[in-house]
Amino acid sequence: MAEWWKKIVAYQIYPKSFSDASGSGTGDLKGITNHLDYLKELSVGAIWITPIYPSPMVDNGYDISDYTEIDSAYGSMSDFENLIAEADKRGIKIVMDLVYNHSSDKHNWFLESKKNKNNPKADWYIWRDAKADGSPPTNWRSIFGGSAWTWCEERKQFYLHTFAVEQPDLNWENPEVRQALYDAANFWLEKGVGGFRIDAITYIKKPKKFLDGEPDGKDGLTTIHNFTANTEGILDFLREFKEKVFAGKNIFTVGEANGVAAEELSRWVGKDGVFDMLFEFSHVNLPLKNGEIWCRPTEWKLSELKQAISNSQAATKNNGWYPAFFENHDKPRCVNYFFAKGANKIKAAKALATVLLTMRGTPFIFQGQELGMSNVSWNEIEKYNDISSRSQFDFAIQEGFSAAEAIDFIKFFSRDNARTPMQWSAEKNSGFSDAEKTWLPVNENYLEVNAAAEEKNSDSVLNWYRKLSKFRSENPEFIFGDFEMLLAEDEKIFAFARSSEEKKFVTAVNFSQEKVELPKNFAEKKILIDSEKNSDKNFLQPLEARIYQD
Ligand code: NOJ
């Protein structure tokens with residue numbers, strides 16, 4: 001029996017922005033339960049919800065202060081149990097996010113650990129003395145900017161944080177820490193969750209020696225990622241994690257692994273690896289070839305996007321499984337990110353949907369992607385909630401860019417682009433909430449781009465997603481069929497074949513703004529689905545997407 005999660009379409013919910021049933025201005029669990037039928041219509045089989053545990057919300061839930069409770073802003077434990085039960089009735093599993101590289105600095109574990117050097121939790125985080133001159137132990141820059149070390153006056157030591165000051169890194173070398181984290185995961189398994197997405201997992205193992213690096217910014221710091229990501233010995237921890245939590249359970253695990261290259265995937269996933277799937281970022285990080293620094297974006301070509309996907313497909317062909325995605329809560333909207341400025345957003349959304357839903361692997365749709373939601377364009381940095389948008393703005397200024405230039409980087413890369421409230425209808429606050437004010441402003445385009453309007457329009461992005469999701473689930477070639485990239489060097493057309501012994505489908509999508517001629521053999525194939533009406537079989541119109549049977 002093939003694993004159930006290979007056959008599904010997964011959907012990611014950012015709960016703060018999905019649906020607000022309580023009228024607080026922030027989304028909640030009841031809001032999710034109220035929309036399960038909508039997700040069913042999209043043929044969704046699992047919902048990954050980003051963290052819903054108690055949190056001071058410095059990083060919107062990725063700073064957890066209690067691993068086995070629900071944040072009261074989202075509801076109660078019984079709301080959660082009800083969500084699992086209602087989802088179950090519709091054949092949908094709930095997938096939790098495990099944030100185990102770090103906790104919140106308000107977690108009791110940290111509050112105790114920081115008191116002194118000999119309390120029972122003294123060794124639960126990563127503490128080091130200052131250098132002789134009083135400066136931090138190394139010159140590492142945290143992912144959210146500034147030193148990765150913060151001085152604790154109470155304990156008279158520095159603690160390490162890969163991300164924000166309020167997100168101290170847990171010390172995985174300590175077996176008690178590991179056990180506490182495994183216990184928390186098992187707590188959620190007992191509630192009936194269908195899997196886990198495991199956050200920032202490549203950072204849990206710190207190097208043996210903590211060394212300074214060559215500065216890569218005017219702040220004299222160097223990005224921590226190059227020192228602490230994917231270091232030797234990490235898989236030993238993860239094997240234990242698998243053994244104590246996931247092994248033998250009818251669930252799926254997907255690790256978040258920025259920095260793991262396709263060639264390394266086989267160590268991480270499948271029979272010999274630790275997870276079922278791994279989100280690696282080679283295809284979505286093409287504009288960030290210089291590292292995570294937003295003010296140094298790089299140009300990229302369609303052939304590179306195809307190459308990155310081909311590499312991941314090859315790496316997961318016989319071992320492990322590919323989680324296909326183009327959007328998540330950390331990335332801009334795909335219609336802005338992957339297409340030229342001025343591209344028709346409805347067509348662009350359908351183009352990418354066609355690639356996503358016919359590729360090999362479990363497709364992950366991020367909330368609103370199925371509506372063609374797009375980036376916001378805010379000119380004042382104060383408007384942004386995202387901690388990394390604010391720190392990247394400061395970094396750009398420090399590097400000598402003007403405020404106008406810095407805001408342009410933020411507009412393009414900001415994680416808030418993906419985090420604005422879900423656009424359900426043309427009503428107040430896009431039907432997301434009855435509150436006077438929503439936690440993040442609604443994108444102004446909600447009068448046109450919204451689920452209610454798109455339901456009624458047979459040509460909408462939403463109906464395109466529904467149609468392809470259904471088509472995918474009805475044709476096993478899209479699940480288990482071989483994947484073969486076609487026209488790999490072409491800079492305009494994204495094409496590939498999916499085939500079993502009985503059948504062969506071909507996807508062809510024009511990513512460019514120009515009409516392009518197809519190779520002759522395409523005209524002989526039978527067009528099954530086409531995003532354009534009455535189009536010429538020898539050409540693809542700008543952003544046209546087709547599925548053929550060969
Ligand atoms: C990755 C998460 O996806 C992101 O939203 C978060 O800020 C960091 N990990 C830190 O937990």
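My entries below start with the ligand and then turn to the cavities and pockets.

**Entry 1: the model.** I remind myself that this is a predicted model. I count residues from 1 along each chain, as its sequence is written.

**Entry 2: around the ligand.** Which residues surround the ligand? I wrote down Asp59, Tyr62, His102, Phe144, Phe163, Arg197, Asp199, Glu256, His329, Asp330, Arg415 and Arg419. Next I sorted this shell by class and found seven charged, three nonpolar and two polar residues.

Entry 3: Asp59 has a polar side-chain atom 2.5 Å from a ligand oxygen. For His102, I noted a distance of 3.0 Å between a polar side-chain atom and an oxygen of the ligand. The side chain of Arg415 also has an N or O atom 3.0 Å from a ligand oxygen. These pairs count as polar contacts because their N or O atoms lie within 3.5 Å of each other.

How much of the ligand's accessible area does the protein cover? On its own the ligand has 300 Å² of accessible area, and the protein covers 97% of that.

**Entry 4: the largest cavity.** I wanted to know which space the ligand takes, and that space turned out to be the largest cavity. I noted a volume of about 430 Å³ for this cavity. Its lining has 27 residues, with Ile143, Phe163, Glu292, Asp330 and Arg415 nearest the centre. Some of these names were already on my page: Phe163, Asp330 and Arg415 are among the residues that surround the ligand. By class, the lining of the largest cavity splits into eleven nonpolar, nine charged and seven polar residues.

**Entry 5: the second largest cavity.** How many cavities of 30 Å³ or more are there? The count is two. The second largest cavity has a volume of about 30 Å³.

**Entry 6: the largest pocket.** Now I moved on to the pockets. The largest pocket holds about 1000 Å³ of space. I found 31 residues in its lining, and Asn336, Phe339, Ala340, Lys341 and Phe412 lie nearest the centre. Which helix gives the most to this lining? My note says α13, with five residues. Both α10 (334-337) and α13 (403-413) supply at least two lining residues here. By class, I have 15 nonpolar, eight polar and eight charged residues for the largest pocket.

**Entry 7: the second largest pocket.** This pocket holds about 640 Å³ of space. Its lining is made of 33 residues, and those nearest the centre are Thr223, His225, Gly291, Glu292 and Ile293. The largest share comes from α12, with five residues. For the classes of the second largest pocket I wrote 15 polar, ten nonpolar and eight charged residues.

**Entry 8: one name to look up again.** Glu292 is on my list for the centre of the largest cavity, and Glu292 is also on my list for the centre of the second largest pocket. I have put a pencil mark beside this residue, and you can look for it in the structure too.

How values were computed:
This is a predicted model: local features need pLDDT of at least 70, side-chain atom pairs count only at pLDDT 80 or more; totals for chains, interfaces and linings use all residues. Side-chain values use heavy atoms; hydrogens and water are left out. A residue is near a molecule or strand if one of its heavy atoms lies within 4 Å of it. A polar contact is a pair of N or O atoms within 3.5 Å; within protein, one must be able to donate a hydrogen and the other to accept it, and residues adjacent in sequence count only if both atoms are side-chain atoms. Accessible areas come from the Shrake-Rupley method with a 1.4 Å probe; for residues, only the protein chains shown count as cover. On a 1 Å grid over the protein atoms alone, a cavity is a set of points where a 1.4 Å probe fits but cannot get out, and a pocket is an open set with protein on both sides within 12 Å along at least five of seven lines; lining residues have an atom within 4 Å of a point. A molecule sits in a cavity or pocket if more than half of its atoms lie within 2 Å of its grid points. Ala, Val, Leu, Ile, Met, Phe, Trp, Tyr, Cys and Pro count as nonpolar, Asp, Glu, Lys and Arg as charged, and the others, Gly among them, as polar. Grid points are joined across faces, edges and corners, and a volume is the space filled by probe spheres set on the points. Helices (H or I, at least four residues) and strands (E, at least two) are DSSP runs, numbered from the N terminus.
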